[in-house]
Amino acid sequence: MRKKRYFSRGVMFLLCGIFAVAFLLPTVLTITNSFMAESEIKSNYGMIFNTTSGGYVSETVNLKFIPDRVSFSQYITGLIKSPEYLIKLWNSIILVVPIVIFQVAVASVAAYSFTRWRGKIRSGIFFFYVILMLMPYQVTLVPNYLVSQWLGLLNTRWSIILPGIFAPFSVFLLTKFMRRIPYSLIESAKMDGAGEWQIFTRICLPQCRSALYSIAILVFIDYWNMVEQPLILLQDTDRQPLSVFLSSINAGEIGLAFAMATVYMIPSLLLFLHGEEYLVEGIANSGSVKG
Amino acid sequence: MDALKQKRRERRADFLRSLCFLAPSLLGVGVFFILPFGVVVYYSLIDGVGSQNFVFLDNFIKLFHNSAFLTASKNTLTFSLMAVPLAVVLAIVLALMLEARIPLKSQFRTFFLSPMMVPVASVVLIWQVLFNYNGTVNEFLLAFGADKIDWFQSDYAMIVVLLLFLWKNLGYNMILFMAGLANIPRELLEVADVEGASEAYKFFSIKLRYLSPTVLFVTILSLINSFKVFREVYLLTGDYPYETLYMLQHFMNNTFRSLDYQKLSAAAVIMALVMVVIIALLFLAEDWFGKDVEG
């Protein structure tokens, strides 16, 4: 019996290992390939991304993990020689940071409202938020475009930031966290004569500190990698975030794309490694649509 | 009588205060989502933004005769029908494997979640290196004596996208299932162990029952994410991909460029209706399955 259990656990470990390698492959490849000089990239992938300029091109594709010679040339090109990429990176930051901060702020107040008061109208509105959250982007795209047009926001950063701030995702998630705060805590604060705003800032917010963090990470990762919204609402390429620009880097600059993708990955990677427990908690708590 | 009045007044005050807290969010949602969606519904019922004649269902009827729309709907449906069940089942398998106290459990969890962070652009590059006609996968096929496959320009294209979808979403779904599994009362499983229940019995009669709310949620989530895969498909294959990859999103994008608001609005309304119906059905199903386990 015990032998059998060890055996099955071994098989599972092996399977997980295979899965894990497959899952990690693109991340690892991106990072290691970013340290290859352009000539090496060309010789490895020339067959695929028909580069026009000369140089040695290998007959077959070489998917290589370890560069022949570690080179920082791609980083030097991307970060020092041409300011273009840094500008796009800055664009990403000024789009995403306000969205994360204000979405969480607006959502925490709304979530407090959904937590403190219950009733038919309230649960109706909450259900509506859930539906809205679940709508695919293709449905909200047209309304989004129209409203940006009317408010004269089209082609400005606000056309991305404002709808981002009011996206219902964090409201939903935060409400689920707040409902777990013991009611007695709020009740006793009320007995002591605290107003709603005080209950909110002194009791509710400190109680969901980890929830706020986990939601911020999820929102950040989501918007950091956005492509569709800027393509439609922010067609001025000078203002587009690096996520859009990375996807349009032309075939001759594959090495550069890997290097910039690695740079772009750093903030999410740091957030992820630093807050993985929170992230997992955040995901785990989004687990059921009903509060 | 006075007490009742007092109570009613208190409730109204409560309601007003709750509105104050909800106001910023509700205002924003109203301006950026609800009102414009109302306009979209209106646009779907008129014949043109200029003339504004009410034509009722004409736009919808036209849409159902539009071959691009029909192809796109069929492809999107086919993809979702393949992708969603796989995303649910494989995620349960992963969660069960990690639950079985294997070594390096938390490391595996990190690895499975890592696709969340990879920028779309590099995902697309890697996928090209792997599945290009001269790519790595075909090199492998050649080495084993098989023929090369034109992955992006054949019926295999959907499989490539399916792999991408699963790679991206399994980790997230797995975490949801792990959380669901952790909520199953331990005593129940211990009793089953004592009574000598088989693993299969434990899974189907106990675990799956408790997981049913999670299964339904992951289904909804995967459905939405299966719509989101357009981002990668678009970057991999452009505006007009191989026929089986032409999704509703391509249709919307291409219609958007021609600024045909009527067609676009009708398509958006249909998509929204279908989503609402699906979500409502899943909610009903959750009520049905979950009623005897939720205390």
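At roughly what angle do the axes of helix H4 (residues 84-116) of chain A and H8(A) cross, and within what distance do they come? Before I answer, please keep in mind that this is a predicted model, in which local features need pLDDT of at least 70 and side-chain atom pairs count only at pLDDT 80 or more, while totals for chains, interfaces and linings use all residues. Residues are numbered from 1 along each chain as its sequence is written, and chains are lettered from A in the order in which they are written.

The axes of H4(A) and H8(A) come within 8 Å and cross at roughly 50°, where axes are lines fitted to C-alpha atoms over the stretch in contact and angles run from 0 to 180 degrees between N-to-C directions. Helices here are DSSP runs (H or I, at least four residues), numbered from the N terminus. That angle makes H4(A) oblique to H8(A), given that under 35 degrees counts as roughly parallel, over 145 as roughly antiparallel, 65 to 115 as roughly perpendicular and the rest as oblique.

H8, which spans residues 169-178 of chain A, also packs with helix H5 (residues 120-134) of chain A, at an angle of about 130° and with the axes 9 Å apart, and H5(A) and H8(A) are therefore oblique to each other. On the H5(A) side the contact (C-beta atoms, placed from the backbone, within 7 Å) is made by A:Tyr129, A:Val130 and A:Met133, and on the H8(A) side by A:Phe169, A:Val171 and A:Phe172.

Turning to the two chains, 74 residues of chain B are in contact with 74 residues of chain A, and the largest share of chain B's side, 17 residues, comes from helix H1 (residues 2-45) of chain B.

Definitions and conventions
Helix = DSSP H or I, 4+ residues; strand = E, 2+ residues; numbered from the N terminus.
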